[in-house]
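Biologist: I'd like to learn how to read a model like this one. Please take me through it feature by feature.

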Amino acid sequence: MAELYELVNQYRPEVIWSDGDAGIPEYWNSTEFLAWLYNDSPVRDSVVTNDRWGFGTACKHGGYFTCQDGYNPGKLVSYKFENAMSLIKGSWGYVRNLRLTDIYSLDEMLETVVSTVSYGGNVLMNIGPTSYGVIPALLEERLLQLGDWLSINGEAVYNSTPWHLVQRDVNATQLVYYTSRPDLGSVYAFLMSGPPAPGAGPVRLASPKFAAPGANATLLGCPTAAPPVRLAYRPGVSGVNMTLPGQANCPDLLSGPGGPWVVKINGLL
């Protein structure tokens, strides 16, 4: 407890993440500390805490909920939540004999990130370093791939909010998640299987409808000189067909990290 007070007074943290769900809150003086933190501490107007401060607090009390490891409600909820996950399946620590099959694949990792963000959550991603602080090569590769993917598609993730109409399109021609950026007037469709195979035809989005014939779309990471995404829809009828630029027109995406392709659409309701 003395360390917690010192951390707050000296370092002024914005987030305090407690993992104390062993015992009742009163035993750990959690209630006393939190009362001080939110009423009298130097960060009382800015600090955010999670929900693990003793038995019975998870998913009930806190600035945001983690509920349990890997938590994703799969729907819009009235509270902010966090998906606390480990890239190593079944471990939160260092694994000496780590194998490729022990960690999440690129597609698994990105679907966790995209699905969590589409429902309004954020992701806390754990890796297991050595005692010297070295990140194992397999985990380093995953983190670099995530960074490469976000360098292309981060606009659809950072500062995004859930799209009010739908978050997961189960009736599309492939699994599609959505986010929105009201500040840009944009909706983002994450094509989880990537680009359609040559000759497969347009990608069908089943849920959206359009506000005006002037709706337009671009493919993130594809050069501005490339052909635009062509939209075909019937005014007043939900659903739209998207014809993407030929893959040869988007060399950076083809040579990139892989994972979902993201279409930015303006003019949606």
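**Contacts around an arginine**

Modeller: Let's start with Arg52, which touches Trp17, Ser18, Asp19, Gly20, Thr57, Thr66, Gln68 and Asp69 once residues up to four places away in sequence are not counted. Contact here means heavy atoms within 4.5 Å. Some ground rules: this is a predicted model, where local features need pLDDT of at least 70, side-chain atom pairs count only at pLDDT 80 or more, and totals for chains, interfaces and linings use all residues. Residues are numbered from 1 along each chain as its sequence is written, and side-chain values use heavy atoms, with hydrogens and water left out.

Biologist: Is Arg52 buried or exposed?

Modeller: The reading goes by relative accessible area: under 20% is buried, over 50% is exposed, and in between is partly exposed (1.4 Å probe, protein chains only). Arg52 has 6%, so it is buried.

Biologist: Which side chain makes a polar contact with that of Arg52?

Modeller: A polar contact is a pair of N or O atoms within 3.5 Å; within protein, one must be able to donate a hydrogen and the other to accept it, and residues adjacent in sequence count only if both atoms are side-chain atoms. For Arg52 the partner side chain is that of Asp69, at 2.9 Å.

Biologist: And where does Arg52 lie in terms of secondary structure?

Modeller: Helices (H or I, at least four residues) and strands (E, at least two) are DSSP runs, numbered from the N terminus. Arg52 sits in the loop between strand 2 and strand 3 (82-86). Thr49 is in strand 2 itself, residues 48-49.

Biologist: What does the side chain of Thr49 make a polar contact with?

Modeller: With the side chain of Tyr38, at 2.8 Å. Thr49 is buried too, with a relative accessible area of 2%. Skip its neighbours within four places in sequence, and Thr49 is in contact with Ile16, Leu34, Leu37, Tyr38, Gly62, Gly63 and Tyr64.

Biologist: Next topic: how many disulfides are there?

Modeller: In general, a disulfide is a covalent bond between the sulfur atoms of two cysteines. The rule used here is a pair of cysteine sulfur atoms within 2.5 Å, and by it the count is two. In one of them, Cys59 pairs with Cys67, with the sulfur atoms 1.9 Å apart. That link is right-handed, with 70° about the S-S bond. Cys59 is partly exposed at 32% relative accessible area, while Cys67 is buried at 11%.

Biologist: Which parts does the pair of Cys222 and Cys250 tie together?

Modeller: The S to S distance for Cys222 and Cys250 is 1.9 Å, and the link is left-handed at -70°. Cys222 is in the loop between strand 9 (216-219) and strand 10 (230-232), and Cys250 is in the loop between strand 11 (240-243) and helix 5 (251-254), so the pair ties together parts that are 28 residues apart in sequence. Cys222 is buried at 13% relative accessibility, and Cys250 is buried at 0%. Counting bonded cysteines along the chain, the pattern is 1-2, 3-4.

Biologist: How should I read a nonpolar core, and which residues have the most contacts inside the largest one?

Modeller: The general idea is that in soluble globular proteins, nonpolar side chains tend to be buried together. A nonpolar core is a set of buried Ala, Val, Leu, Ile, Met, Phe, Trp, Tyr and Cys residues joined through side-chain atoms within 4.5 Å. The largest one here has 29 residues, and Leu139, Trp149, Phe190 and Val262 have the most contacts inside it. Two or more residues each come from helix 3 (106-118), helix 4 (137-153) and strand 7 (186-191). Helix 3 gives the largest share, six residues. Both domain 1 (1-156) and domain 2 (161-266) put at least three residues into this core.

Biologist: How many residues does each domain bring to the contact between them?

Modeller: Domain bounds come from an automatic or database domain assignment. The centres of the two domains, taken over C-alpha atoms, are 30 Å apart. Domain 1 brings 18 residues to the contact and domain 2 brings 21.

Biologist: Finally, what are the numbers for the protein chain overall?

Modeller: It has five helices and twelve strands. Of its 269 residues, 42% count as buried. The C-alpha atoms fill a box of roughly 65 × 45 × 30 Å along the principal axes.
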